[in-house]
Amino acid sequence: MIEVLDIIGVFVFAISGVLAAINKKLDLFGVFIIAFVTALGGGTLRDTLIGRTPVGWMVDLQYVYLIIAAYVVAIVFRNYLNKLRISLFLFDTIGLGVFTLIGIEKGLEYGLHPTICIALGTITASFGGLIRDILCNEIPLLLRKGTIYATICIVGGVLFFVLREIEVDNSVNELLTSLFIIIFRLAVVRYGWSLPVLKIKTA
Amino acid sequence: MIEVLDIIGVFVFAISGVLAAINKKLDLFGVFIIAFVTALGGGTLRDTLIGRTPVGWMVDLQYVYLIIAAYVVAIVFRNYLNKLRISLFLFDTIGLGVFTLIGIEKGLEYGLHPTICIALGTITASFGGLIRDILCNEIPLLLRKGTIYATICIVGGVLFFVLREIEVDNSVNELLTSLFIIIFRLAVVRYGWSLPVLKIKTA
Amino acid sequence: MIEVLDIIGVFVFAISGVLAAINKKLDLFGVFIIAFVTALGGGTLRDTLIGRTPVGWMVDLQYVYLIIAAYVVAIVFRNYLNKLRISLFLFDTIGLGVFTLIGIEKGLEYGLHPTICIALGTITASFGGLIRDILCNEIPLLLRKGTIYATICIVGGVLFFVLREIEVDNSVNELLTSLFIIIFRLAVVRYGWSLPVLKIKTA
């Protein structure tokens with residue numbers, strides 16, 4: 001189940017990278033790099049930080065082929081996809097849920113503390129977009145005022161470990177946590193929830 | 001001694017990250033990430049480059065808790081702290097001295113050459129701020145014309161190895177080198193010392 | 001042969017970093033960091049991703065000394081070098097060819113798939129400049145519309161594995177692939193070849 005969703009997640013994150021890069025007027029190589037980084041940048045950073053090297057996509061080539069496929073599809077159908085923003089948003093949301101769980105499970109595999117596992121889930125799900133924004137020379141969307149994004153991964157990660165603590169079966173837990181992240185994200189966008197921005201009084 | 005100063009260093013670097021991020025109008029998640037990166041980004045990069053993985057804060061959770069504490073304190077007292085810039089500067093200067101030594105000692109642990117140890121000290125002390133600036137979409141302060149910063153770590157590192165060569169006791173050496181870095185930094189700011197910026201004659 | 005060219009590549013990439021940083025009005029420390037990153041950033045990223053740690057320049061100090069030498073030379077002769085743009089471009093092109101091969105061979109050493117080896121060659125040859133541009137707060141040249149650069153490494157890498165498949169001797173292969181990359185790059189600049197930039201029809 002996770003494997004199938006992982007494939008969907010990589011595919012859709014790569015497509016969203018292609019569209020972002022075309023909007024930035026990058027050339028065909030630049031578009032590929034941004035697609036790659038959006039889809040695999042978070043997982044690559046995670047693997048580097050925990051010492052899982054050579055990093056994932058270097059030893060399991062299906063990810064590279066998947067991104068090449070998404071790159072071709074996105075370029076061929078770019079005019080059509082841009083009108084599909086809502087379906088893309090749905091896939092991107094599925095990716096968020098799945099990548100968070102994959103990051104958490106890599107942390108558990110390495111025997112790391114739940115707090116660190118949640119951090120790894122958040123990094124896996126949201127830092128690809130952060131690296132994409134740095135390469136495009138923008139303040140990362142992730143950090144700016146706007147809608148809640150990475151915080152959803154953190155809350156979802158906490159839920160995962162609460163359910164784990166009360167001994168919910170792992171597959172059920174994965175399903176519930178993913179669903180929670182997906183529904184939370186839909187609600188955030190639907191109702192325009194955002195985190196506060198603080199001010200410093202200088203008077 | 002180093003342990004206590006390390007804790008102060010992390011705490012104060014995190015606080016300075018919070019204040020910088022609030023000034024950039026980031027949301028509460030963005031503020032946390034900037035606090036984290038300012039305090040632990042240099043050490044994380046160092047650990048990744050020498051292969052000390054999972055990186056430090058993933059196996060010793062006290063750093064994460066420390067940053068959460070600094071985050072809460074800095075947000076609650078943000079109006080007050082902004083008026084405390086001078087005390088913050090002092091703590092930040094202590095952090096610079098301590099982090100340089102911690103980086104040097106990690107290099108010695110891994111049997112690396114003094115030149116590399118000094119590079120690791122400089123990375124530990126000053127690259128957190130560099131990553132912070134990249135995330136905030138600015139030319140890193142570290143590289144711009146202005147006051148001397150990272151160069152102080154290099155000079156301090158050279159002093160450390162000179163004292164080590166003439167067989168000064170390690171704890172005494174740590175104390176002297178830290179003090180030297182702290183006093184050098186105070187003098188730099190007091191007298192406005194800066195490194196030259198070169199020009200290219202095009203005529 | 002590769003060793004000698006490697007030395008030339010590092011030296012020349014460092015010099016081009018110095019000139020770029022002076023143009024950005026960075027101070028003497030900033031200039032050194034940019035020189036370092038331009039010359040060794042690609043290889044450092046490659047080593048980190050494959051788990052070859054401590055990364056290359058930390059265990060083989062000749063690279064550090066080489067960059068210090070290039071730094072001094074470039075600063076002393078900066079007015080003269082700026083007029084030598086054509087010779088610098090030639091050396092930079094040699095660097096591109098040699099660094100691609102070095103990256104590919106590190107991948108083979110680690111038993112990685114040809115696709116990944118080509119990616120590692122491209123990273124080694126072109127990501128130093130990408131990190132330099134991020135530090136200087138620009139959209140990386142590598143990704144922008146303009147002349148073809150990293151794509152040359154990819155095409156050269158494919159050629160290397162085709163020649164390898166038909167059992168061309170390794171030294172001959174190295175020579176042919178390097179020459180191909182160098183000539184391809186010269187042709188790209190001579191004839192102003194570039195990759196297309198796609199548009200999205202919004203009508």
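Visitor: How many residues of chain A are in contact with chain B, and how many of chain B with chain A?

Guide: Contact means heavy atoms within 4.5 Å. By that rule, 32 residues of chain A touch 31 residues of chain B. This is a predicted model, in which local features need pLDDT of at least 70, side-chain atom pairs count only at pLDDT 80 or more, and totals for chains, interfaces and linings use all residues; side-chain values use heavy atoms, with hydrogens and water left out. Residues are numbered from 1 along each chain as its sequence is written, while chains are lettered from A and ligands numbered from 1 in the order in which they are written.

Visitor: What area is buried between chain A and chain B?

Guide: The size of an interface is often given as the accessible area lost when the parts come together. Here the value is summed over both parts and uses a 1.4 Å probe. Chain A and chain B bury about 2800 Å² between them, and carbon and sulfur atoms give 72% of that. On the chain A side, the residues that lose the most area to chain B are A:Leu143, A:Leu198 and A:Ile200, which together make up 26% of what that side buries.

Visitor: How many salt bridges and polar contacts cross from chain A to chain B?

Guide: A salt bridge is a side-chain nitrogen of Lys or Arg within 4 Å of a carboxyl oxygen of Asp or Glu. The interface of chain A and chain B has zero salt bridges. A polar contact is a pair of N or O atoms within 3.5 Å; within protein, one must be able to donate a hydrogen and the other to accept it, and residues adjacent in sequence count only if both atoms are side-chain atoms. Three residue pairs across the interface of chain A and chain B are in polar contact, both residues at pLDDT 80 or more.

Visitor: Which elements of chain A give two or more residues to the side that touches chain B?

Guide: Elements here are DSSP runs numbered from the N terminus: helices (H or I, at least four residues) and strands (E, at least two). For the side of chain A that touches chain B they are helix H2 (28–50), helix H7 (114–135) and helix H8 (150–165) of chain A. H7(A) gives the most, with seven residues. By residue type, the side of chain A that touches chain B divides into 19 nonpolar, eight polar and five charged residues. Ala, Val, Leu, Ile, Met, Phe, Trp, Tyr, Cys and Pro count as nonpolar, Asp, Glu, Lys and Arg as charged, and the others, Gly among them, as polar.

Visitor: What does the interface of chain B and chain C look like by the count of contact residues and by buried area?

Guide: 32 residues of chain B are in contact with 31 residues of chain C. About 2800 Å² is buried between chain B and chain C, with 72% from carbon and sulfur atoms. B:Leu143, B:Leu198 and B:Ile200 supply 26% of the area that chain B buries against chain C, more than any other three residues. Between chain B and chain C the salt bridge count is zero, and three residue pairs are in polar contact, both at pLDDT 80 or more. H7(B) provides the largest share of the side of chain B that touches chain C, seven residues.

Visitor: Where does UniProt place the feature "transmembrane region" in chain A?

Guide: UniProt positions are given in the numbering used here, feature names are shortened, and annotations may be inferred rather than shown by experiment. The unreviewed UniProt entry places "transmembrane region" at residues 6–22, 29–50, 62–81, 88–104, 110–130, 142–163 and 175–193 of chain A. In the model, residues 62–81 of chain A are 95% helix and 0% strand, with the end C-alpha atoms 24 Å apart. Residues 175–193 of chain A are 89% helix and 0% strand, and their end C-alpha atoms lie 24 Å apart.

Visitor: Where is the cis peptide bond in chain A?

Guide: The bond from A:Thr53 to A:Pro54 is cis, with omega near -10°. A:Pro54 sits in the loop between H2 and helix H3 (56–59) of chain A. In chain B, a cis peptide bond joins B:Thr53 and B:Pro54, with omega about -10°.

Notes
Buried area is the accessible area (1.4 Å probe) that two parts lose on being put together, summed over both.
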